[in-house]
Amino acid sequence: MLKKLLDRTHRGRTVSYIMVVVLYLIIEIMIHSGNLSSLFTSLLVPVCCYIVAAIGLNLNVGVSGELNLGQAGFMSVGAFTAVSISGYLAASVSNGPVRLIIAIIAGVMISAVFGLLIGIPVLKLEGDYLAIVTLAFGQIIKSIITNMYLGFDGNGFQFSFVDNNTKLAPGGKMLLNGPMGATGTAKISTFTAGVILILVSLIIVYHLMYSRSGRAIMAARDNRIAAESVGIDISRTKMLAFVVSASLAGAAGALYGLNYSTLVPAKFDFNTSILILVYVVLGGLGNMTGTIIATIILVLLPELLRSMQDYRMLIYAVVLILIMLLTNNENMKTRLRRLKNRFSGRGRKEGEVS
Amino acid sequence: MRKKSLLKTGLSLAMVLCMTVALTACGGAASAPAESAAESGEAGSASAGGAIKIGGSGPLTGPAAVYGNAVKAAAEMAVEEVNAKGGLQFELDFEDDTHDAEKAVSAYGALKDWGMQVSLATVTSAPGAAVSQMYQDDHIFAITPSGSSLAVIYQDPDNAASPYGNIFQMCFTDPNQGIASADYLAGHSDLGSKIAIIYKNDDNYSSGIYTKFRAEADEKGLEVVYEGTFDDSNASDFSVQLKKAKDAGADLIFLPIYYDPASLILTQANQMDYKPTFFGVDGMDGILTLEGFDTSLAEGVYLLTPFSADATDELTQNFTKNYKARNQDEIPNQFAADAYDCVFAIAQACEAAGVTADMSASDICDALTKQFTSMTFNGLTGQNVTWSESGEVSKSPKAVVIKDGVYVGVEE
């Protein structure tokens with residue numbers, strides 16, 4: 001069993017799982033011994049959300065090789081679905097974790113449906129069309145949610161679009177309130193739920209990557225014509241990666257939305273999509289462990305630099321450039337590989353999927 | 001090959017370093033006075049021993065930075081003035097939240113780690129709504145200078161019910177501004193009887209005021225002939241909305257928006273030779289100081305605002321003079337005035353309740369909540385200001401009209 005976990009094909013994922021679990025245990029111990037500052041405690045759940053979204057995006061960009069510029073759009077769909085469902089069920093399902101699970105599942109399903117709808121026409125095409133369409137999708141979703149009004153009172157749901165015509169009876173609650181988004185959300189996301197979500201998404205992504213379908217996805221990425229010639233349905237395999245990626249973004253969004261008492265549609269804009277893409281690219285395309293590390297560092301960095309006041313965003317940018325330069329430096333790569341080989345006691349080249 | 005890539009990397013690194021140094025130098029020059037001021041403020045408080053720690057967050061970077069920086073500058077100034085008086089001593093830590101709920105929550109964490117005892121909450125509404133619950137949970141007193149949404153002070157903003165209790169507002173709530181505007185127009189039909197509204201529908205400040213204005217206008221029997229909307233992506237061209245308003249025969253345009261788009265509306269209306277009466281709310285404040293805007297176009301614009309930098313009372317004149325001296329001749333806007341008032345209101349309440357720096361945040365919260373709901377405050381943004389139990393402020397908005405490039409109070 002242990003040997004299997006440490007062999008060539010499994011080593012990558014074992015490292016990921018162990019890293020997540022060890023980090024979780026360390027942080028839990030720190031929380032319970034009161035050693036974790038309020039600043040870090042407040043960052044735990046958002047970091048988990050970004051990691052899940054980045055893992056999903058890495059499946060799409062790194063493994064499947066299709067550029068997606070609308071990951072925040074899928075997060076938005078997941079978040080507002082989850083927040084609405086949680087707000088509606090607040091009275092009937094008082095158990096937080098149960099409501100969280102229901103909300104996340106709902107968020108995942110709606111995001112997956114949107115992923116499917118976008119994927120059907122676009123993934124039949126060859127080229128950069130997915131990037132263009134997902135870019136537009138992110139903007140459209142933001143505009144739609146900005147103009148959506150959904151409320152409920154004793155008499156049932158009320159919905160209006162663009163102009164707010166909802167007239168709620170006293171005691172009613174607005175689930176979505178146009179540009180104000182969702183307010184008064186009960187915070188039911190927890191760090192533990194976030195870590196479980198990371199582990200679940202890692203399991204899903206790794207199982208997909210090393211399955212028959214995963215091999216097909218990578219074959220379609222590396223050589224479309226060759227893959228087609230051996231009978232792989234390109235658009236179907238790419239669709240699989242894209243929909244799983246969208247679903248994970250939906251789960252991340254759901255967890256994110258339920259961590260704040262207020263959520264505005266403008267939060268999930270183009271910048272957020274690019275930010276997640278940056279986590280993926282700096283972490284390494286197809287490299288889930290790297291993605292997790294990069295996300296943790298890049299989310300924490302601006303907060304750690306708070307003491308630098310005015311210069312913190314400047315330093316953040318400089319660090320981004322440095323990471324890009326260093327990770328692409330041939331010298332560094334060779335040294336890193338040598339170090340890795342010495343560590344694993346093997347002379348031959350790494351067989352990891354990249 | 002290897003040598004070449006090393007050279008390239010070295011070169012890139014050197015360039016990055018150069019850029020950093022250059023930018024830091026630019027930034028350093030601009031922010032030097034503020035920093036040295038903050039240092040001297042801290043030094044002053046340290047020598048007196050035990051200062052009450054005031055926290056706060058706002059957008060110091062990003063598109064909304066102008067509001068956060070105004071609040072920060074005015075709050076720093078107010079803290080120094082309080083400290084200079086002797087007796088009560090304050091220490092301020094103002095964090096950046098980039099107008100984002102996520103960043104506001106982490107800023108709150110940073111403030112709590114620092115040991116914040118009293119807070120200015122947040123400058124903007126959406127981040128404010130995200131941290132209000134945390135202020136209540138930790139029982140820390142907070143008063144927001146400009147977080148005007150109901151969600152900042154109410155747990156159930158849809159029904160304006162179950163207030164947090166320890167979150168107070170220095171500014172009007174958005175609905176109150178809408179209602180006050182509609183009431184004012186109903187009482188002054190000489191300004192215009194056919195009303196057009198142009199508002200920004202992806203901004204909760206703007207649409208919040210609009211919703212209540214519309215409801216109140218219907219109730220008072222005002223005739224609204226046209227409603228136009230815009231959002232972030234098309235906030236530069238208003239010719240379509242203005243054309244439609246003109247065709248509908250509107251002789252008054254209500255603009256519940258910030259001064260940036262309002263200045264474009266005024267310019268474009270002038271270009272098409274359309275001259276209705278323009279009526280704004282407190283977001284219009286600042287239009288006279290906008291760079292590159294011909295202030296003669298703003299002649300005859302009405303606005304409801306709690307503060308005007310040109311007021312002749314001694315308090316306002318001193319504030320404006322000192323603020324300009326500290327901030328490269330920038331004229332203070334109402335955000336700065338509200339922040340200044342917040343600090344002095346806290347000071348007044350602390351003195352009245354005998355709050356000292358060694359008290360816990362929770363005890364201070366109880367003492368200040370009691371004071372705020374019972375005291376009367378006179379400041380820049382109003383006389384005889386009081387607060388309700390739910391944290392809403394009660395002060396009267398002043399209607400001003402722009403004449404010869406200055407605000408002139410409108411006689412009732």
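Accessible areas here come from the Shrake-Rupley method with a 1.4 Å probe, and for residues only the protein chains shown count as cover. On that basis chain B exposes about 16,600 Å², with carbon and sulfur atoms supplying 52% of it. The structure is a predicted model, in which local features need pLDDT of at least 70 and side-chain atom pairs count only at pLDDT 80 or more, while totals for chains, interfaces and linings use all residues. Residues are numbered from 1 along each chain as its sequence is written, chains are lettered from A and ligands numbered from 1 in the order in which they are written, and side-chain values use heavy atoms, with hydrogens and water left out.

Chain B comes first. Its secondary structure amounts to 12 helices and 17 strands; helices (H or I, at least four residues) and strands (E, at least two) are DSSP runs, numbered from the N terminus. Of its 412 residues, 56% count as buried, where buried means under 20% relative accessible area, exposed means over 50%, and partly exposed lies in between (1.4 Å probe, protein chains only). Take the contacts in chain B with a separation of 6 or more: residues 24 or more positions apart account for 71% of them, a contact being heavy atoms within 4.5 Å. For a sense of scale, B:Asp366 sits in helix H12 (residues 361–374) of chain B and is partly exposed, at 43% relative accessible area. B:Asp366 is 184 residues from B:Ala182 in sequence, and their C-alpha atoms are 37 Å apart in space.

Next come the charged pairs. Side chains of opposite charge can pair when their charged atoms come close. The rule used for a salt bridge is a side-chain nitrogen of Lys or Arg within 4 Å of a carboxyl oxygen of Asp or Glu, and by this rule there are 18 salt bridges over all chains. One of them joins B:Asp247 to B:Lys243, at 3.2 Å from N to O. These two residues are about one helical turn apart, because they are four residues apart in helix H8 (residues 239–247) of chain B. B:Asp247 is exposed at 57% relative accessible area, while B:Lys243 is partly exposed at 45%. Another pair is B:Asp273 with B:Lys275, whose closest N and O atoms are 3.1 Å apart; both of these residues are exposed.

B:Lys395 gives a picture of a charged residue that is tucked away. B:Lys395 lies in the loop between strand S15 (393–394) and strand S16 (398–403) of chain B, and counts as buried at 9% relative accessibility. Its salt bridge partner is B:Asp338, with the closest N and O atoms 3.5 Å apart. Elsewhere, salt bridges that share partners tie B:Lys72, B:Glu76, B:Glu80 and B:Arg326 into one network.

What else does the side chain of B:Lys395 reach? At 2.6 Å there is the backbone oxygen of B:Met170, and a polar contact of 2.9 Å joins the side chains of B:Lys395 and B:Thr381. A polar contact is a pair of N or O atoms within 3.5 Å; within protein, one must be able to donate a hydrogen and the other to accept it, and residues adjacent in sequence count only if both atoms are side-chain atoms. Leaving aside neighbours within four places in sequence, the residues in contact with B:Lys395 include B:Cys171, B:Phe172, B:Pro306 and B:Val385.

Now for the place where the two chains meet. Here 41 residues of chain A are in contact with 45 residues of chain B. The two chains bury about 3,500 Å² between them, 53% of it on carbon and sulfur atoms; buried area is the accessible area (1.4 Å probe) that two parts lose on being put together, summed over both. In chain A, A:Arg306, A:Tyr311 and A:Asn331 lose the most area to chain B, together 15% of what that side buries. Between the chains there are three salt bridges and 13 residue pairs in polar contact (both at pLDDT 80 or more). A:Arg306 also forms a salt bridge with B:Glu95, with the closest N and O atoms 2.9 Å apart.
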